Amino acid sequence: MPELPEVEALKDFLAEHLVGHEIIRVLPVAISVLKTYDPPLGALEGREVTAVHRHGKFLDLETAGGPHFVTHLARAGWLHWKDRLPDGPPRPGKGPLAMRVALETGEGFDLTEAGTQKRLAVYVVQDPGEVPGVARLGPDPLADDFDEARFAALLEGERRQLKGALRDQSLIAGVGNAYSDEILHAAKMSPFKLASALTPQETRRLYAALRATLMEAVERSRGVAAGRLKAEKKSGLRVHGRTGEPCPVCGDTVREVSFSDSSLQYCPTCQTGGKPLADRRMSKFLK
């Protein structure tokens with residue numbers, strides 16, 4: 001799933017390629033991707049893109065005097081930039097193409113989604129705050145006013161485990177499965193430690209790891225073309241998706257805990273005092 005650093009890079013890429021250009025056609029291929037009906041998709045056509053914003057993991061294209069085009073790429077969605085779009089309308093079918101947006105220059109982009117779980121979402125709204133997922137977002141962890149005191153206040157009384165708390169978009173916007181693993185590895189903390197059990201020193205360490213991990217990932221992604229962002233993300237990960245490989249910090253073997261629809265990766269030496277976490281569902285995990 002694209003997370004804050006990749007969506008931030010997509011925002012910058014689209015701002016460079018879209019702002020000042022006119023949307024001449026928005027072509028839905030998978031009707032299920034469109035989550036709103038008023039204003040209609042056609043309200044975007046003939047409008048100039050004036051800005052591109054990011055809200056957590058949501059991309060927001062703002063148009064002159066018109067609605068916003070807001071999209072969430074979900075787990076298997078992606079944006080593919082085309083210097084020259086194919087002639088003729090796309091054909092509906094069983095392929096991954098969900099929507100096509102064309103500019104007056106002949107350029108544009110496709111939104112695609114692989115797999116059978118169709119969660120890619122597009123909203124056409126007058127205000128991005130009308131999108132339920134955007135309205136629920138917590139603070140952006142890279143915002144200038146997201147300081148250590150604000151982070152500590154968010155975690156105060158939080159009874160969930162750190163892994164779940166970091167992934168909660170209503171608590172902190174933009175962090176998903178991959179970067180929560182990376183942040184916890186950098187902070188040298190178990191993913192199942194209770195947030196409410198953190199000492200002030202541990203909170204400070206986790207805050208520093210959160211900011212540094214995301215900022216480093218944003219810098220790595222800056223200037224990378226949309227089509228190469230997935231590979232760039234994977235190349236920069238230390239533990240996530242690297243089960244069985246040596247930890248780049250201590251050399252211990254990266255371990256995994258699997259769930260019904262996801263998994264997490266961690267280093268026992270760096271994060272859990274050398275003790276492996278039980279890898280079975282509904283088990284009692286190391287605190």
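Predicted model: local features only at pLDDT ≥ 70, side-chain atom pairs only at ≥ 80, totals over all residues.

Me: How many disulfides does the count give?
Reply: The count comes to zero disulfides. Cys-247 is in no disulfide, and the nearest cysteine sulfur, that of Cys-267, is 3.8 Å away.

Me: Which residues other than glycine have a positive phi?
Reply: Ala-74 has a positive phi of about 55 degrees, and Lys-188 has a phi near 60 degrees. As background, most residues other than glycine have a negative phi, and most peptide bonds are trans.

Me: Where do Ala-74 and Lys-188 lie?
Reply: Ala-74 is in the loop between strand S4 (68-72) and strand S5 (77-82), and counts as buried at 7% relative accessibility. Lys-188 lies in the loop between helix H5 (177-187) and helix H6 (200-221), and is partly exposed, with a relative accessible area of 45%.

Me: On to packing: how many residues does the largest nonpolar core have?
Reply: The largest nonpolar core has 32 residues, and those with the most contacts inside it include Leu-14, Phe-69, Met-99 and Phe-109. Among the elements that each supply at least two residues of this core are helix H1 (4-18), strand S3 (58-63), strand S6 (97-103) and strand S7 (108-113). The element that gives the most to this core is H1, with six residues.

Me: And what is Met-99 in contact with?
Reply: Beyond its neighbours within four places in sequence, Met-99 is in contact with residues including Val-26, Leu-41, Phe-69, Phe-109, Leu-111 and Val-122. A second, separate core of 26 residues includes Phe-151, Leu-166, Ala-187 and Ala-195.

Me: What about H6: what span should it have?
Reply: At 1.5 Å a residue, the 22 residues of H6 should span 32 Å, and the end C-alpha atoms of H6 are 32 Å apart, which agrees. Just after H6, Gly-223 takes a positive phi of about 85 degrees.

Me: Which elements do the buried residues of H6 pack against?
Reply: They pack against H1, helix H3 (148-155), helix H4 (162-167), H5 and helix H7 (229-236). Among the buried residues of H6 are Glu-202, Leu-206, Tyr-207, Leu-210, Arg-211 and Leu-214.

Me: Last topic: where does Val-131 lie, and what does Val-131 touch?
Reply: Val-131 lies in the loop between S8 and helix H2 (132-135). Not counting residues up to four places away in sequence, Val-131 touches Phe-58, Val-70, Tyr-123 and Val-125. Val-131 is buried, with a relative accessible area of 0%.

Me: What separates the C-alpha atoms of Val-131 and Tyr-266?
Reply: Those C-alpha atoms are separated by 34 Å, and the two residues are 135 residues apart along the chain.

Note on methods. Residues numbered from 1 in each chain as written. Heavy atoms only, no water. Disulfide = S-S within 2.5 Å. Helix = DSSP H or I, 4+ residues; strand = E, 2+ residues; numbered from the N terminus. Buried < 20%, exposed > 50% of the residue type's maximum accessible area, 1.4 Å probe, protein only. Core = buried A, V, L, I, M, F, W, Y, C linked by side-chain atoms within 4.5 Å. Contact = heavy atoms within 4.5 Å. Expected span 1.5 Å × (residues − 1).
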